[in-house]
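Subject: Structure for you to look at

Hello,

Here is the structure I promised to pass on. Please open it alongside this note, and I will walk you through what turned up.

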Amino acid sequence: MATVLVDAENVRRSVWPNMSRAELEQRCEDWGREHGHEVMVVWEGAETADDRIASEVRQLPPPLWVVTSDRELRERVAHHVERIVGGGSFARELPELEP
């Protein structure tokens, strides 16, 4: 089981129409349960999502994946993670919400 850190705004805005925050959270949770991974959806807060993700990958135990299409963030975390997944690719893998 990997811990998957999701660059939330990057993923949310990678598909049209953009997902709401709540929809992204729920779909990521469902995806994690379906695939057996722990998912951390990271939003902007007291620090940028990029800075928080870069910090988390240095503290969390492997295996770690990062979901982002942000080139700078990808470079920052590349040596600390097992896998980097593009935001749009990941968004298209997320299960649809049940009505």
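**The aromatic cluster**

Trp-31, Trp-65 and Phe-90 are joined into a cluster by ring pairs. Before the details, please keep in mind that this is a predicted model, in which local features need pLDDT of at least 70 and side-chain atom pairs count only at pLDDT 80 or more, while totals for chains, interfaces and linings use all residues. Residues are numbered from 1 along each chain as its sequence is written, and side-chain values use heavy atoms, with hydrogens and water left out.

The count of aromatic pairs is two. For this, rings of Phe, Tyr and Trp (its six-membered ring) pair if their centres lie within 6.5 Å; planes under 30 degrees apart count as stacked, over 60 as edge-to-face and the rest as tilted. The rings of Trp-31 and Trp-65 are tilted, because their planes stand at 55°, with the centres 6.5 Å apart. That pair links distant parts of the chain, with Trp-31 in helix H2 and Trp-65 in strand E3, 34 residues apart. Helices (H or I, at least four residues) and strands (E, at least two) are DSSP runs, numbered from the N terminus.

Trp-31 and Phe-90 make an edge-to-face pair, since their planes are at 75° and their centres 4.9 Å apart. Trp-31 is in helix H2 and Phe-90 in helix H5, so this pair ties together parts that are 59 residues apart in sequence.

**Charges over rings**

The charged end of Arg-83 sits over the ring of Trp-65, 4.6 Å from its centre. Arg-21 lies over the face of Trp-43, at 3.9 Å from the ring centre. The rule asks for NZ of Lys or CZ of Arg within 6 Å of the ring centre and within 35 degrees of the ring normal.

**The sheet and its helices**

Arg-83 turns up again as the bridge partner of Trp-65 in E4. E3 and E4 run parallel and are joined by three bridges; two strands pair if DSSP finds at least two bridges between them. The open sheet has four strands in the order E2-E1-E3-E4, with parallel pairing. Strand E2 (38-42) and strand E4 (83-85) stand at the edges with a single partner strand each, so one side of each has no neighbour in the sheet.

H2 lies across E1, E2 and E3, at about 160° to E2. Helix H3 (residues 49-59) packs on the sheet too, touching E1, E2 and E3, and its direction makes about 165° with that of E1. Axes are lines fitted to C-alpha atoms, for helices over the stretch in contact (heavy atoms within 4.5 Å), and angles run from 0 to 180 degrees between N-to-C directions.

**The nonpolar core**

Which residues touch the most other members of the largest nonpolar core? Among its 18 residues they are Val-6, Leu-24 and Phe-90. Such a core is a set of buried Ala, Val, Leu, Ile, Met, Phe, Trp, Tyr and Cys residues joined through side-chain atoms within 4.5 Å. H2 gives the most to this core, with three residues.

Best wishes

Methods: Buried means under 20% relative accessible area, exposed over 50%, partly exposed in between (1.4 Å probe, protein chains only).
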